Amino acid sequence: MDHKSGQMSAAQYLYPPLEPFDQRMLDMDSGHRIYVEQCGRPDGLPVLVVHGGPGGGCSPAMRRFFDPEVYRIILFDQRGCGRSRPHASVEANTTWHLVADMEVIRRTLELDRVILFGGSWGATLALIYAITHPDAVAHMVLRGVFTMTEAELDWFYAGGAGRFFPELWARFADAIPEGERGDLIGAYHRRLFSGDVMEEMRFARLWANWENALASISSTPVGGEGPSDYARAFARLENHYFVNKGFLDGDEWIMRNRHRIEGIGADIVQGRFDMVCPPASAYRLADGWDNARLRMVPLAGHALSEPGISAELVSIMDKLT
């Protein structure tokens, strides 16, 4: 779960656009090739940017939250999305493959400890990586927290958020026959992986539009159409992860394992009116974690591009130096 909409609204808080000094494809297992880029200062503080979705891919705007004179900024496209290949593939594509890929990236670039910067699903993956490799993480900056629980999935895909946007929820839910609406994630899964490309494209757009329309507090909730190729990869990958409950060993996995990272510092930024990942998850994650600081941004939703969220994230990164 992550979005690029409305980037210009937050541009005043970001550093100027910059180009990578290094771009490469890393060969992983099972034929996957992962796109990795580096920007900023080659000998700077390493920050690993973890994009959302799953399947959202990284964008040039994500480079701009960091002082390029201070940070070595590393972005990568997770399996199956962005510039990574094969495109939209769910084969050998699980949370644990992504954690292993992040470790390959860290070791290939000869990094010791990294700052993890991730929002939404990117926050989920950052937390799981840190729990798995706590000695490799110097600090975490998380936004729009999503902890991959059944309650969070039910909120967004079983009608909770739909109570605030009934006309958009009807468009999303009514595309499925009434008898299948008790499990919309499963119903969409059957259509996103039907083998009929036209059907997959249609339901991919419906899936992506439902989420995109609720991303920003300032969005006009009309659910505009995105590029079909992007929507298909995004929807298939996100649905694949959600139908499999994030490939985690039971519900509440992150909270059950939080003790492994409580020695690591974390800054958590959350929009007060986040409809995709409501603030209860961020509050619960921070509660009792002495090294975590929660910043609740008023009049902000979910998107990275919310002005208040962008300003807070840049301020945090500036202070970490």
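Let me begin in a loop, with P54, which lies between β3 and β4, the latter being residues 71-76. What we have here is a predicted model, and in it the peptide bond that joins G53 and P54 is cis, with omega at about 0°. A cis peptide bond also joins R85 and P86, where omega is about 5°, and P86 has its place in the loop between β4 and α1, the helix of residues 95-108.

That loop between β4 and α1 also holds A88, whose phi is near 65°, a positive value in a residue other than glycine. A88 counts as buried, because its relative accessibility is 3% and the cut-off for that word is under 20%. S30, in the loop between β1 and β2 (33-40), has a positive phi as well, near 60°, and is likewise not a glycine. S30, however, is exposed, with a relative accessible area of 55%.

Now to the sheet itself, which is open and has eight strands in the order β1-β2-β4-β3-β5-β6-β7-β8, with mixed pairing. At its edges stand β1 (22-27) and β8, and each has a single partner strand, so one side of each is left without a neighbour in the sheet. On average, neighbouring strands are turned by 20° against each other, if direction is ignored. Helix α2, residues 121-132, packs on this sheet and touches β3 (45-50), β5 (114-119) and β6 (137-143), while its direction makes about 155° with that of β6.

I would like to finish with I316, which sits in helix α10, residues 307-320. Is I316 buried or exposed? I316 counts as buried, because its relative accessibility is 3%, and the limit for buried is under 20%. If we leave out residues up to four places away in sequence, I316 touches V141, D267, V269 and R295. Taking V269 from that list, we find that I316 and V269 are 47 residues apart in sequence, whereas their C-alpha atoms are 9.5 Å apart in space.

How values were computed: Residues numbered from 1 in each chain as written. Predicted model: local features only at pLDDT ≥ 70, side-chain atom pairs only at ≥ 80, totals over all residues. Heavy atoms only, no water. Helix = DSSP H or I, 4+ residues; strand = E, 2+ residues; numbered from the N terminus. Buried < 20%, exposed > 50% of the residue type's maximum accessible area, 1.4 Å probe, protein only. Contact = heavy atoms within 4.5 Å. Pairing = 2+ DSSP bridges. Axes fitted to C-alpha atoms, helices over the stretch in contact; angles between N-to-C directions.
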